[in-house]
Amino acid sequence: MRFFLPALLLLAVASLAPALAAPATTAPPPARVGRISFADGKASTRPAHDASWSDAAIDTPLAAGAALRTAADARAEIEIGLDTTDLTANTEVEIVRLDEGIVEIALSQGRIEIALRRLDPGATVEIDFRQGGVWLLQPGRYDIDAGDGRTPRVMVFEGAARFAGSGADTPIKSGEALDPSSAQKAKAVADEFADWCRARDRDEADLAAPYYVSPEMTGSAELDVAGSWERNVEYGNVWFPKDLPAGWAPYRDGKWRWVQPWGWTWFDDRVWGFAPSHYGRWAFIEGRWGWVPGRFVAHPVYMPAVVGFLGTAGVGLSYADGSGPAIGWFPLAPGETYWPGGTADLDYIQALNRGDVADPGVIRLPKDGKPPAEIVGRPFANRLYASVVP
């Protein structure tokens, strides 16, 4: 989408009006997410606490309770931090739990392969299927087949795992394959799907992003091939995208979609757009845009779009030669506070801004639950780069 008006034409006063905010809720939305990073063929997704399935879209955020399935002759991939889970045809998975240090995935049918690139001390990665549970104990590559008319199988190409089910507790070493139904072991042998998954793997040793941001930041693995990191005196580590078209600005080429439980969520057209759209801030530095992840945060909190809105909620904007109301938004700059819609949980709001605001502890919550005046009324650095649509 490239329909926008220069912000200088706006007649309204800038604010953080929650024009695209989710309805008020009592609990904050999930802090940690994965994303749909690949889909080839018919793939469908289901949000948490919802029985309806819809076509899977690349970069859809997935939190605990969300599910993804593939049809015949389809494949898909879920990315959580630096780790990937590939689904072959006729496969369905649900993210049961996704918290700090805990990943639990239920495989109800089909087959998956997981590339686990790191496993912090005390962290847990568990895969559940009808025969039992598999715990991944080391970084490596793991292949789990639920059976579905075939022999169920757990293969460890690299790493180490433990299977528990039907009274058994069986370690699985690198190079071994386990039949959970008989407890028999064999050699792990790669096939066409395993080779395809291996060809898609990234070598973490070649990634610069984990040195600048948390490995839990989903989408950061896309940055290295699409730009470069530079050290800036004012902002610290800054990532600069390459090959941008003239007139490009953050949050201009893409679309808004409603995603539960966050509400309106930005889907960027760029392959690398997930992390820079949902974490950190953007700065216009010496004539070019740079993404500023801020101070290192071990457990970064996902945001549906790190923007401020222009206009008054329910009214919108007026603009030159306009025949109706409009709405506009602009990327927040380093140091500017992001204020979410849908929750008035102060701890959550402060966590959202940790690493980007000098002292998130000073963020206060007025009695009405709305952003305080010092946030709404500040001179936003990127306001002149707003995108506006009817």
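**Strand pairing and ring contacts in a predicted model**

User: In this predicted model, what makes strand 25 and strand 26 (residues 327-331) count as a pair?

Analyst: Strand 25 and strand 26 share 4 bridges, running in the antiparallel sense. Pairing takes at least two bridges, so they qualify. Within that pairing, leucine 310 sits opposite glycine 328 of strand 26.

User: Why are strand 25 (307-310) and strand 27 (387-389) called edge strands?

Analyst: The open sheet has 3 strands in the order 25-26-27, with antiparallel pairing. Strand 25 and strand 27 each pair on one side only, which puts them at the edges. From one strand to the next, the twist averages 25°.

User: How do you know that the phenylalanine 38 and tryptophan 196 pair is tilted?

Analyst: Their ring centres are 5.6 Å apart, with 55° between the planes. The centres need to lie within 6.5 Å, and under 30 degrees would be stacked and over 60 edge-to-face, so what remains is tilted. Phenylalanine 38 belongs to strand 1 (residues 34-40) and tryptophan 196 to helix 1 (residues 192-200), so this pair ties together parts 158 residues apart in sequence.

User: And why is the tryptophan 282 and tryptophan 289 pair edge-to-face?

Analyst: Their planes stand at 80° and their centres are 6.5 Å apart, so edge-to-face it is. Both tryptophan 282 and tryptophan 289 are buried, and they belong to a cluster linked by ring pairs that also includes Trp239, Trp248, Trp272, Phe284 and Tyr385.

User: What puts arginine 288 over the face of phenylalanine 240?

Analyst: Arginine 288 is 3.7 Å from the ring centre and lies over the face.

Definitions and conventions. Residues numbered from 1 in each chain as written. Predicted model: local features only at pLDDT ≥ 70, side-chain atom pairs only at ≥ 80, totals over all residues. Heavy atoms only, no water. Helix = DSSP H or I, 4+ residues; strand = E, 2+ residues; numbered from the N terminus. Axes fitted to C-alpha atoms, helices over the stretch in contact; angles between N-to-C directions. Phe/Tyr/Trp six-rings, centres within 6.5 Å; stacked < 30°, edge-to-face > 60°. Buried < 20%, exposed > 50% of the residue type's maximum accessible area, 1.4 Å probe, protein only. Lys NZ or Arg CZ within 6 Å of the ring centre and 35° of its normal.
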